Amino acid sequence: MPSPVCRCLEAPAPPPRPAALADDLLEEILLRLTCPADLARASAACASFRRLVTDANFLRRYRSLHPSLLLGFIDSVSFGFQPAEAPHPNAIAARSIPRHAGCFSFDYLPPTRWNWNPWDACDVRDGRVLLKSNYMGIMAFHFPDLAVCDPLFRRYRLLPPIPDDLLASVHFPQQIFPLFEAFLVPSGEEDDGASFRVIGRAYRAIRSVVFVFSSRSGLWNLGPTWDNLNLESSILLCRCYAYGCIYWKVMRINKLLKLDINRMDFSIVDLPPHYDERDVIVVEAGKGRVGVFSHVKFDTSVYYAIQEKEGEIANVCQSEITTHLPAHYDFCLVAGGAAEGYIFFVGFPKDSMVDAASFSLQVKTLKIEMVCQMMSQSYYILPYFGYPPSMSPRRI
């Protein structure tokens, strides 16, 4: 019998290595991660993922597809940052912020012209914080120092003083010191993400004067002036933004003051008679429609009306939807107004043994969520929207 032939068994050939994903295909996959926290974790997987996720063009596309997250609130008085807490859906993403909480003290800013007067946070937009320092001069016309900060990376930009020639053109009487408020203009689709605008409004009695700063030019320009507001009160409340316009509710009067940012002019908007004691927030209701939220201080009822047809806001408010906040709190609208499709409240507990808490109300769904417990009994807090720090561009 022939001897068996012994064959040397060869190791099987390894399977072919999968082709590396092209950057454009990988970008399309990562863009479909709806949770920014998941995207942040993906960026830590390897160097190529990290390079793609931190690219400015990718982040711009991602932000255009996915709204930024409500991560918490900045206390405009104590500079404490209060992150969203469980069971709020953004609590996991907000946990990355306390490691950077020292940044919200803004102790890295240089002293103001008046060292005894600290910086105060006055507005938050697009991850930036606007700060000012007021100085109440005597028989003089002074404006506060202003700075814009990126708190996550401790970066800031000091704004130049308003030029003397612009101030001279305002013509406030020397013996009447004007009040001053400043706020950030929401970025538009044409903005590059690195630029910003600041509006300052000087006002006293019936006169309001607007100044506009652009980070692109580094210059202040004079905006509209109105001397004939014909209002019984010059106290304006609840500043809010909708469709390129800034609105203020006039205290104890059924009117709104409106500033059209594109046309740069003022106008008066009428409200129904029963709105005199209400705080009012104007919001974007979608499809070009205006929505109006109103609330009586310390009440638990919130009233909402949507503009279904072209017309005055006064006509919009005739048909209202009523929603109710938790009954065991007394509520105040947050001074920061509305942002990113939400309005905000601070609830002061009727039981003194319970802490105050912040709440959000979503414009589209009227869903009410508690965001976090409050360290102070103030409603001068600013909602902070953004992404986990690993996804935040270093920009001012």
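Two residues are in contact when heavy atoms of theirs lie within 4.5 Å of each other. The legends below describe close-up views of a predicted model.

**Figure 1**
Serine 301 belongs to strand E17, which covers residues 301-306. Sequence neighbours within four places being left aside, serine 301 is in contact with Ser294, His295, Thr322, Thr323 and His324. With one of these residues, histidine 324, the side chain of serine 301 makes a polar contact through the histidine side chain, at 3.3 Å. Is serine 301 buried or exposed? Its relative accessibility is 11%, and serine 301 therefore counts as buried, the cut-off being under 20%.

**Figure 1. The open sheet formed by strands E15 to E18.**
The view shows an open sheet of 4 strands in the order E15-E16-E17-E18, paired in the antiparallel sense. Which strands stand at the edges of this sheet? They are strand E15 (279-286) and strand E18 (321-324); each has a single partner strand, so one side of each is left without a neighbour in the sheet. On average, neighbouring strands of the sheet are turned by 25° against each other, direction ignored. Between E17 and E18, which run antiparallel, there are 4 bridges. Tyrosine 303 stands opposite threonine 322 of E18.

**Figure 2. Helix H1 and its buried residues.**
Helix H1 spans residues 23-31, and its buried residues are Leu26, Glu27, Leu30 and Leu31. Why can these residues be said to line one face of the helix? Viewed down the axis of H1, the buried residues fall within an arc of 135°, so they line one face. These buried residues pack against three helices: H2 (36-43), H3 (47-53) and H4 (56-65).

**Figure 3. Helix H2, largely enclosed by the rest of the structure.**
How many of the 8 residues of H2 are buried? The count is 6 of the 8, so H2 is largely enclosed by the rest of the structure. The buried residues in H2 are Pro36, Ala37, Leu39, Ala40, Ala42 and Ser43. Their cover includes H1, H3 and H4, together with strand E1 (69-75).

**Figure 4. Strand E23 and its pairing with strand E1.**
Strand E23, made up of residues 381-386, is mostly covered, with 6 of its 6 residues buried. Ile381, Pro383 and Phe385 point one way from the strand, whereas Leu382, Tyr384 and Gly386 point the other way, and all are buried. E23 pairs with E1 in the antiparallel sense, over 6 bridges. Isoleucine 74 stands opposite leucine 382 of E23.

A disulfide is a covalent bond between the sulfur atoms of two cysteines. How many disulfides does a search of the whole structure find? The search finds 0. The sulfur of cysteine 240 has its closest cysteine sulfur in cysteine 238, at 7.4 Å, which is too far for a bond because a disulfide requires sulfur atoms within 2.5 Å. Cysteine 332 is likewise in no disulfide; the nearest cysteine sulfur is that of cysteine 238, 10.0 Å away. Cysteine 240 counts as buried at 3% relative accessibility, and cysteine 332 counts as buried at 2%.

Most residues other than glycine have a negative phi, and most peptide bonds are trans. Where does proline 87 lie? Proline 87 is located in the loop between strand E2 (81-83) and helix H5 (91-94). The peptide bond that leads from alanine 86 to proline 87 is cis, with omega near 15°. Aspartate 126 is not a glycine, yet it has a positive phi of about 55°. This aspartate 126 is found in the loop between strand E3 (120-125) and strand E4 (128-133), and it is partly exposed, with a relative accessible area of 30%. Cysteine 238, although not a glycine, also has a positive phi of about 55°. Cysteine 238 lies in strand E11, residues 236-242, and counts as buried at 14% relative accessibility.

Notes. Residues numbered from 1 in each chain as written. Predicted model: local features only at pLDDT ≥ 70, side-chain atom pairs only at ≥ 80, totals over all residues. Heavy atoms only, no water. Helix = DSSP H or I, 4+ residues; strand = E, 2+ residues; numbered from the N terminus. Buried < 20%, exposed > 50% of the residue type's maximum accessible area, 1.4 Å probe, protein only. Polar contact = N/O pair within 3.5 Å; in protein donor to acceptor, adjacent residues only side chain to side chain. Arc of directions from axis to C-beta. Pairing = 2+ DSSP bridges. Axes fitted to C-alpha atoms, helices over the stretch in contact; angles between N-to-C directions.
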